[in-house]
Amino acid sequence: MKLFKFILLYLFLISSVQADTIYQLIKIPNLEIYNIKTTNSLRYLYAKQPFTIGADNNINCFRPSKQDLDQKYEIIEKNLKRYSQSFLKKINLKYIVLCEDLSISGINTAGIPDNVMKTLIVDIKFDNKYFERVLHHEVFHIINDSFKEIFNEKTWSSFNSDSFNYAKCSTCTKKIGLDTYSKTDGFITEYSKSTASEDMAEVFSHLMHGNLPKQIDPILQKKIDFIKSGLLKIDQSFNL
Amino acid sequence: MIQKIKASKSEKIIFFFLISLAIFSLSSFFLIKNKCLFVKNYNPEKLSFDKPNNIAILNVECGNVIIELYPNISPNAVERFKTLVRSKAYDDVAFHRVIKDSLVQAGDLEFGKKGNIDYGKIGTGQSGLGTINSEIDVPFNYERGSVGLARTQKYNTEDSQFFITLKDEPLYESEYTPIGKVIYGIEALEKIKYLNKSEYVLRPDFINSIKMLID
């Protein structure tokens, strides 16, 4: 046992501090560059080892397989290259972290946006049925966090009927369905009913993904117009 | 009467061997102690430059590091650097953050001056000239020897601290304001003191001086 401790101590003492440039920049350990030569200067990184972050170490994600990574990267890049470099700069998004089985406080999630660190963590194993649309959903959270005054939640909530109230948070409700309603009543999915922010993200993601319902009720139309005008306030050239 | 004893051949060989060993040991001791022994010292007077107005000479323990500044890429940052160089503000300032084979950082004028180092605050000091905006829009290849201005986690907080990369750092592009590149003498920076367990250096090496080639 003593010998084991001695060897451990020896290894600790001889190991030198390593430069972890990515950690210095976005405070997520165990990442490596996947691709940084992209048309809109987004930098794609991946988890070479599992990582744990967050104030209470409550965010976890794991290393994806090379095959999954290569396959999903194509889809992610295809979707995210629709955002121009200047738009991404305005909303403060630069790094896309690819990993699998992403969870926050034990709850699986498709992505974790952080506009302060300019980072979006993406679970590449998230349900394929919604995967592409959800990418835009998460991007909207970055947009929203960067432009809270444009996407005012009170204004947004006023579009709903007086009797409707959102939940206090997106995880304190069982309304988590992501299927697009064929007949809308102010909401585009069940998850839209969770919080104003999630509602906006759902509308935005459907706009970007191009799968809006055929029949749109007046409330939902107001919401769509609100999102569109907000985006144009950020970037006149934004193209939905 | 003392009888003369003649040394045998093998005794002579051993004696010669011991003398050689002593000379070798002594010379090795002095050679190893001199960390700058194999570092070439560049004399800027003997070199020619396309833009001599933009050449800065950083003198450290192991010699001169010759930096070409790029005012066309980051005019405000280069101007700030030149202002501080001309006022000799960088002289005797510590390389307080050094990562072996990766990066050296210096320029804390408030807490990093020789004789007045504050290890508790080093890296947070200011120049007194205020912060300047980041200049990161022009493409810049952060290869080995690139010189950039350091900042806090936020943009537009550049001041006097600068770093020089000892390896390629492609992720630094559009993150840190570049001010130039080392064109001669980067080997001298590889000899700057570092610690194995910390990026921040206790009893660090210092900048002897930084001068513009043409004042």
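Predicted model: local features only at pLDDT ≥ 70, side-chain atom pairs only at ≥ 80, totals over all residues.
Colleague: Are K94(A) and E175(B) buried or exposed?
Modeller: The cut-off for buried is a relative accessible area under 20%. K94(A) has a relative accessibility of 12% and therefore falls under that limit, and E175(B), at 1%, does so too. Both K94(A) and E175(B) thus count as buried.

Colleague: How many salt bridges does the rule find across the interface of chain A and chain B?
Modeller: One salt bridge between the two chains joins the side chains of K89(A) and D137(B), at 2.4 Å from N to O. Across the interface of chain A and chain B, the rule finds 3 salt bridges.

Colleague: Which element gives the most to the side of chain A that touches chain B?
Modeller: Polar contacts across this interface, counted with both residues at pLDDT 80 or more, amount to 12 residue pairs. By class, the side of chain A that touches chain B has 9 nonpolar, 5 polar and 5 charged residues. The element that gives the most to that side, with 4 residues, is helix α2 (residues 21–26) of chain A.

Colleague: What is the area buried between chain A and chain B?
Modeller: The size of an interface is often given as the accessible area lost when the parts come together. Here the contact takes 19 residues from chain A and 21 residues from chain B. Carbon and sulfur atoms give 50% of the buried area, which is about 1700 Å².

Colleague: How many residues apart in sequence are the parts that D68(A) and K125(A) tie together?
Modeller: D68(A) forms a salt bridge with K125(A), and the closest N and O atoms are 3.6 Å apart. K125(A) is partly exposed, with a relative accessible area of 44%. Because D68(A) lies in helix α3 (residues 66–80) of chain A and K125(A) in the loop between β8 (119–123) and α5 (131–146) of chain A, the parts that the pair ties together are apart in sequence by 57 residues.

Colleague: Which residue forms a salt bridge with R144(B)?
Modeller: R144(B) lies in the loop between β4 (103–106) and β5 (146–149) of chain B and its partner in the loop between α3 (186–189) and β8 (209–212) of chain B, so the pair ties together parts that are 46 residues apart in sequence. R144(B) counts as partly exposed at 36% relative accessibility. With the closest N and O atoms 2.6 Å apart, the partner of R144(B) is E190(B).

Colleague: Which residue has its backbone oxygen 3.1 Å from a polar atom of the side chain of K181(B)?
Modeller: K181(B) is found in strand β7 of chain B and, at 13% relative accessibility, counts as buried. Leaving aside neighbours within four places in sequence, K181(B) is in contact with residues including I66(B), Y70(B), F140(B) and V147(B). The backbone oxygen that lies 3.1 Å from a polar atom of the K181(B) side chain belongs to N141(B).

Note on methods
Residues numbered from 1 in each chain as written. Chains lettered and ligands numbered in written order. Heavy atoms only, no water. Salt bridge = Lys/Arg side-chain N within 4 Å of Asp/Glu carboxyl O. Helix = DSSP H or I, 4+ residues; strand = E, 2+ residues; numbered from the N terminus. Buried < 20%, exposed > 50% of the residue type's maximum accessible area, 1.4 Å probe, protein only. Polar contact = N/O pair within 3.5 Å; in protein donor to acceptor, adjacent residues only side chain to side chain. Contact = heavy atoms within 4.5 Å. Buried area = accessible area lost by both parts, 1.4 Å probe. Nonpolar A, V, L, I, M, F, W, Y, C, P; charged D, E, K, R; others polar.
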